Amino acid sequence: MNIRKAETRDIPRLGDLLLQVCRVHHRGRPDLFRAGGRKYTDEELAALLADPSRPILVAEDEAGTVQGYAFCVVQPHRGETAMEDFTSLYLDDLCVDEACRGKHVGGALYRAVLDLARSLGCYNVTLNVWSCNPEAMGFYEKCGLQVQKIGMETIL
């Protein structure tokens with residue numbers, strides 16, 4: 001398995017994987033997520049790929065097939081009155097193709113995200129996970145992540 005920065009040629013495969021993620025979220029929260037939706041259009045993906053503050057990593061097999069991705073956002077926190085100055089790497093989205101699960105692709109991607117964060121001088125890596133996705137929650141816990149804050153809602 002090879003982990004590298006995503007390139008324009010990866011956009012179709014990234015789109016396929018984004019559909020898989022939306023399906024998981026739609027099953028858990030059909031009130032919020034559309035069936036067949038995607039978080040990013042091809043045009044938005046192209047813009048993300050050109051933005052150095054939004055690195056995207058992909059894991060590919062020996063044949064060059066992308067098996068998963070990690071969308072990241074560099075978040076500098078400076079000059080805030082209540083918080084220290086620091087930089088976070090926000091893991092916006094991590095997906096492993098349904099057909100590749102259990103092959104340690106997700107763990108390899110997450111370790112690459114940690115390496116990227118360290119290379120950028122980040123203090124921490126943060127992410128959000130939907131409570132309707134217990135598989136993802138379990139994966140992140142196995143990776144050593146701990147709860148930082150909890151979002152709550154009331155549906156009206």
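Student: Which residues of α3 are buried?

Tutor: The model is a predicted one. Buried here means under 20% relative accessible area. By that cut-off the buried residues of α3 are Val105, Gly106, Gly107, Ala108, Leu109, Tyr110, Ala112, Val113, Leu116 and Ala117.

Student: Which elements do the buried residues of α3 pack against?

Tutor: Packing is judged by contact, that is, heavy atoms within 4.5 Å. On that basis, the partners of the buried α3 residues are β1, β2, β3, β4, β5 and α4.

Student: Which residue with a positive phi follows α3?

Tutor: The phi angle of this residue is near 75 degrees. The residue that follows α3 is Gly121.

Student: In what order do the strands of the open sheet stand, and which are at the edges?

Tutor: Five strands with mixed pairing make up the sheet, in the order β1-β2-β3-β4-β5. Two of them have a single partner strand each, so one side of each is left without a neighbour in the sheet. From one strand to the next the twist averages 30 degrees. The edge strands are β1 (2–5) and β5 (124–127).

Student: How many bridges join β3 to β4?

Tutor: β3 covers residues 66–77 and β4 covers residues 86–96, and the two run antiparallel. Within this pairing, Val73 is opposite Tyr90 of β4. The number of bridges is ten.

Student: At what angle does α1 run to β3?

Tutor: Helix α1 takes in residues 11–28. It lies across β2 (56–60), β3 and β4. Its angle to β3 is about 85 degrees.

Student: Which element gives the largest share of the largest nonpolar core?

Tutor: This core has 22 residues, and Leu89, Leu91, Leu94 and Val113 have the most contacts inside it. Two or more residues come from each of β2, β3, β4, α3 (105–119), β5 and α4 (134–142). The largest share is seven residues, and the element that gives it is α3.

Student: Which residues does Leu94 touch, leaving out those up to four places away in sequence?

Tutor: Nonpolar side chains tend to be buried together in soluble globular proteins. Leu94 is among the residues with the most contacts inside the largest core. With sequence neighbours up to four places away not counted, Leu94 touches Tyr69, Ala70, Gly106, Leu109, Tyr110, Phe139 and Tyr140.

Student: Why does the pair of Tyr40 and Phe71 count as stacked?

Tutor: The structure holds five aromatic pairs. In this one the ring centres are 5.4 Å apart. The planes of Tyr40 and Phe71 meet at 20 degrees, and planes under 30 degrees apart count as stacked, so the pair is stacked.

Student: Is Tyr40 buried or exposed?

Tutor: The relative accessibility of Tyr40 is 11%. The cut-off for buried is under 20%. Tyr40 therefore counts as buried.

Student: Which residues do ring pairs link into a cluster?

Tutor: Tyr69 and Phe71 form an edge-to-face pair, with 4.5 Å centre to centre and 85 degrees between the planes. Phe71 also pairs with Tyr40. The cluster is made of Tyr40, Tyr69 and Phe71.

Terms used. Residues numbered from 1 in each chain as written. Predicted model: local features only at pLDDT ≥ 70, side-chain atom pairs only at ≥ 80, totals over all residues. Heavy atoms only, no water. Pairing = 2+ DSSP bridges. Helix = DSSP H or I, 4+ residues; strand = E, 2+ residues; numbered from the N terminus. Axes fitted to C-alpha atoms, helices over the stretch in contact; angles between N-to-C directions. Core = buried A, V, L, I, M, F, W, Y, C linked by side-chain atoms within 4.5 Å. Buried < 20%, exposed > 50% of the residue type's maximum accessible area, 1.4 Å probe, protein only. Phe/Tyr/Trp six-rings, centres within 6.5 Å; stacked < 30°, edge-to-face > 60°.
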